[in-house]
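Please keep the sequence and the model in view while going through them.

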Amino acid sequence: MQADKRQPEEITLCLKKICLQAVRKHFAAVGAEAVVGDLPTPLLEDLLPHLTVCQLDELQPALNLKGISTYSGWIRILEDMCGCAADRTPDFLTEEAAKHEVMRTLFTVVFNGFTNTFVNRNITNLNTPSFLRAAAKCIKHFLLFTGMHKPLKSLTAEQRPLLNLLEQCIRSVGVSQSADLSKKKTQTALYVLHRLLDHGVAKELVVHVKCPLMLAWLLHGRGSQYVNCKLKKLMHSKRANCVSRAVSTNADEASCSPGLETLDNQDDEVTPCKRSRLDSACVEAAGSVDPQVICGAFTPCGGPPAEACPWGKIEHLEIRQCGSDSLTVLNSALLTFFCLRSLTLHSTSTFSVSDVLGLAGALKQLSGSSHSSLTDLSVSVLPNIELMDVLLDTNPSLTSLSVEFQTDLWEQRLILRPPLLEKSAELALEKLTVKVAHVQTDVTFITSVLRRCPHLTSLHVAGMRLPTGSSQSQLLTTLSESNPCLRSLTLEDLNLSDCLHEILNLLRGCKLEELQFNDCRLLEKWSDKQQSLQQLVSALKTVSTLHTLSMAQNRLAKSVCVLAELFSGSSPSSVNHIDISSNFIQAAELLEFSEALRTHCPPHRLTLDLRKNPGDRDPDTWNTALRRLRPLCVLLVEGWKSTNTMADHISNM
């Protein structure tokens with residue numbers, strides 16, 4: 001027999017791995033209690049990367065009670081799912097965040113019968129009712145593919161307990177495909193939607209498709225029951241006309257009521273009918289599109305009586321492909337959509353001015369009611385910066401507004417009318433996000449709003465281009481003078497190279513908790529980059545509330561080591577998350593930074609984002625720097641290709 005030439009340490013490691021894999025293979029026979037109770041903590045931690053998803057989920061509560069986090073196990077699964085390189089860390093910093101991402105991704109793939117390399121390798125552990133139940137308990141968002149009839153059908157038959165569980169857990173429902181409401185197979189998808197939205201706890205609806213008829217069905221009963229006549233003009237066929245009539249049913253007539261007919265079943269498809277009866281033409285064309293008509297025939301014997309069927313309240317609505325037709329449907333519903341708290345509208349193209357003015361009119365009527373709950377509004381893409389004032393003036397009670405503009409400043413000018421509110425009137429805004437693309441504008445369009453927002457706590461401004469010779473200093477000065485409650489400030493893709501004095505002034509006495517200067521060309525005009533950066537660091541140290549700092553994409557390069565001085569002296573900074581990604585930091589510079597950080601050791605474990613920096617030019621030195629940083633930091637890193645150098649250079653010019 002040939003002698004084993006391996007070292008004793010190698011043999012021990014090999015035997016250990018075999019034993020850990022045996023625990024995974026015979027987990028059911030060994031039992032969770034025995035695994036947690038009999039194995040010492042170091043072995044349990046070594047076992048985590050070998051466990052299946054269900055095993056890890058089952059052990060997590062008991063492990064947490066022993067003070068052991070399952071984070072490493074979930075991260076290992078994520079890396080395996082994504083094919084991540086060893087030097088890339090997924091962006092999930094907590095055990096629950098990593099677990100949710102695993103469950104969310106795998107549930108969507110397995111439930112819908114999709115496949116990928118990871119699922120193929122682990123199919124025996126994933127294609128089981130136990131996995132679907134475990135995942136359903138974790139996920140909060142259910143993405144429904146209306147065309148996936150077989151898995152949806154299973155929820156009304158053998159997987160009905162899973163649907164009951166989803167009702168209890170799902171907070172957000174997404175609709176990813178349009179559907180022909182006249183097809184009988186569509187009824188199954190409508191039934192699942194009805195169960196989640198009307199019988200479950202879901203309060204959020206995300207519509208990914210540009211389909212006004214589907215949107216009309218989804219919004220039916222949530223707000224106004226009367227569809228604007230403009231919608232009817234969109235429906236040219238008999239089928240569409242019937243849908244329009246169906247979704248226009250009066251709310252009083254649409255209450256759940258027993259004793260209504262059920263349509264004949266065809267090809268073993270259940271075509272239910274409940275709530276108010278639709279005439280035969282509409283039934284034939286639209287398949288009984290009333291949102292709760294479909295409930296009855298899917299309810300098994302012994303189920304709840306018809307009159308118990310509720311209307312669910314949608315508090316958060318997001319429409320991802322919102323065109324003029326969709327706005328017509330939405331505006332009608334908005335008039336009495338009193339339960340709606342947040343509304344997000346994304347258009348694949350720029351909204352027209354008339355579309356936005358129509359939306360503003362509907363929102364004005366809604367906000368004029370004492371029953372209105374709407375406080376958060378997000379609209380993109382707007383054609384004119386003046387429309388931000390229109391939206392604010394028609395909705396003065398908004399606490400959060402996010403807008404994005406994309407057009408030339410002089411392409412579309414509004415016909416100015418007397419403002420609905422005095423420009424000096426105070427606004428309730430607490431959070432404002434303004435993104436500007438391909439627009440050269442005057443900074444006063446935003447500073448005038450900021451002066452009216454004394455309660456503002458969060459501001460995000462991106463892409464604002466000023467005329468030649470102008471400066472963003474006015475923006476920073478306004479923040480210093482008018483927004484003392486500011487806690488989060490993100491400035492992105494702005495030229496702040498001549499604003500050091502205003503930045504330092506803003507930091508004096510502020511209460512910021514998050515500060516992000518991303519792609520702001522900070523060092524571009526500083527004659528002495530090291531000394532100016534030291535001034536900035538000294539000012540940042542005085543902000544005792546600051547815990548998150550981002551200086552991504554600012555060409556820090558050789559100056560990065562100055563940031564380590566945040567933690568020097570008797571009063572080190574409270575910052576615990578620093579983003580210095582995309583700063584063209586090379587290996588020698590990172591090594592110098594690691595030495596400086598070891599000298600000025602942070603008082604707490606630091607999360608450090610180093611992605612998109614050229615570590616591959618000197619991988620040995622780069623890896624040495626990473627090893628020295630790891631005892632002090634949670635590192636976010638990823639592989640770098642030197643071919644990206646020119647793109648990085650251009651993006652920072």
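**Note on selected local features**

1. Ser 532 touches Leu 500 and Trp 526, leaving aside residues up to four places away in sequence. Ser 532 belongs to helix H25, which covers residues 529–541. The relative accessibility of Ser 532 is 9%, so Ser 532 counts as buried, the cut-off being under 20%. It should be kept in mind throughout that this is a predicted model.

2. Some totals give the setting. The protein chain has 28 helices and 15 strands. Of its 653 residues, 52% count as buried. Among contacts between residues at least 6 apart in sequence, 79% join residues at least 24 apart.

3. Which residues does Gly 200 touch, not counting those up to four places away in sequence? They are Glu 167 and Arg 195. Gly 200 lies in the loop between helix H13 (186–199) and strand E3 (204–207). Gly 200 and Gln 168 are separated by 32 residues in sequence, while their C-alpha atoms are 5.9 Å apart in space.

4. Helix H12 (residues 160–169) has 10 residues, and seven of them are buried, so H12 is largely enclosed by the rest of the structure. The buried residues are Arg 160, Leu 162, Leu 163, Leu 165, Leu 166, Glu 167 and Cys 169.

5. Two packed helices are described by the angle between their axes and the distance between the axes. For helix H19 (residues 324–334) and helix H20 (residues 353–367), the axes come within 9 Å and cross at roughly 15°. Angles under 35 degrees count as roughly parallel, and H19 and H20 are therefore roughly parallel to each other. The crossing of H19 with H20 is left-handed.

6. Which residues make the contact between H19 and H20? On the side of H19 they are Ser 324, Leu 327, Leu 330, Asn 331 and Leu 334. On the side of H20 they are Asp 355, Gly 358, Leu 359, Ala 362, Leu 363 and Leu 366. By type, the residues of this contact comprise seven nonpolar, three polar and one charged. For the spacing within a helix, the reader may recall that an α-helix has 3.6 residues a turn, so residues three or four places apart point the same way.

7. The count of aromatic pairs comes to five. In one of them, the ring centres of Phe 107 and Phe 142 are 6.3 Å apart and the planes stand at 65°, so this pair is edge-to-face. The pair links distant parts of the chain, 35 residues apart: Phe 107 is in helix H7 (residues 95–111) and Phe 142 is in strand E1 (residues 141–144). Both Phe 107 and Phe 142 are buried.

8. Phe 114 and Phe 145 also form an edge-to-face pair, with 5.6 Å from centre to centre and 85° between the planes. This pair too links distant parts of the chain, 31 residues apart. Phe 114 sits in the loop between H7 and helix H8 (117–121), and Phe 145 in the loop between E1 and helix H11 (149–154).

9. Finally, ring pairs link Phe 107, Phe 111 and Phe 142 into a cluster.

Key: Residues numbered from 1 in each chain as written. Predicted model: local features only at pLDDT ≥ 70, side-chain atom pairs only at ≥ 80, totals over all residues. Heavy atoms only, no water. Helix = DSSP H or I, 4+ residues; strand = E, 2+ residues; numbered from the N terminus. Contact = heavy atoms within 4.5 Å. Axes fitted to C-alpha atoms, helices over the stretch in contact; angles between N-to-C directions. Parallel < 35°, antiparallel > 145°, perpendicular 65-115°, else oblique. Left-handed = near helix turned anticlockwise from the far one by under 90°. Nonpolar A, V, L, I, M, F, W, Y, C, P; charged D, E, K, R; others polar. Buried < 20%, exposed > 50% of the residue type's maximum accessible area, 1.4 Å probe, protein only. Phe/Tyr/Trp six-rings, centres within 6.5 Å; stacked < 30°, edge-to-face > 60°.
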